[in-house]
Amino acid sequence: MPFLYEDNIASLIQRFKFNADRRAGQILLQLMVQAFRSHQGPCHVQAIVTADLHPGRARKRGFDQTLWLGKRMARALDLPLYQATRRRLTPTQRGLSRPARKRNVRRVYQVTSPLPAQVLLLDDVMTTGATLEALSSACREQGAAHVTAAALARTPAGHAI
């Protein structure tokens, strides 16, 4: 996670996520790819897995920001992309406590293809880690042995969105 979710980065992510601002997305993508390349170290991921929006929410929003980001990041890093689909529509995570977030996304993701041993999970913002934890479980069910999580930004400690 290259940034904290505050100030200009929060504004940029909000423009990308809620206004489908592809220009903001392109800036965020470049920052994410650069951060990944400079911090990859000994973990060599073999694929990217995205935490996709429910199709109804993606239609309402106009696009799926994580899938958009994942496709471009996979292309930039020359990695295959796998999608974790949602089994059901869940309420938004905004404003929920950590326990409520965990309950909200418990067993919500499904990966239908076998995965390589080392995958990178991609999300836009990490607050409590509940989404990435649920996604990790779905990936492990399909054979991922080592799971690395990445997000554009992390909410500062003690803050929730």
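**Close-up views of a predicted model**

**View 1. Ala-20, a partly exposed residue in a loop.** With a relative accessible area of 22%, Ala-20 counts as partly exposed, because that class begins where buried, under 20%, ends. You will find Ala-20 in the loop between H1 and helix H2 (22-39). Take a look at the backbone here too: phi of Ala-20 is near 50°, a positive value in a residue other than glycine. Please keep in mind that this is a predicted model.

**View 2. Asp-7, an exposed residue in helix H1.** Asp-7 belongs to helix H1, which covers residues 7-19. Its relative accessibility is 62%, so Asp-7 is classed as exposed, given that exposed means over 50%.

**View 3. Strand E2, covered on both faces.** Here we turn to strand E2 (residues 47-51), where 5 of the 5 residues are buried, so the strand is largely enclosed by the rest of the structure. On one side sit Ala-47, Val-49 and Ala-51, and on the other Ile-48 and Thr-50; all are buried.

View 4. E2 and strand E5 (residues 118-126) run parallel and are joined by 4 bridges. Val-49 and Ala-51 are both buried residues on one side of E2.

Methods:
Residues are numbered from 1 along each chain as its sequence is written. This is a predicted model: local features need pLDDT of at least 70, side-chain atom pairs count only at pLDDT 80 or more; totals for chains, interfaces and linings use all residues. Side-chain values use heavy atoms; hydrogens and water are left out. Buried means under 20% relative accessible area, exposed over 50%, partly exposed in between (1.4 Å probe, protein chains only). Helices (H or I, at least four residues) and strands (E, at least two) are DSSP runs, numbered from the N terminus. Two strands pair if DSSP finds at least two bridges between them.
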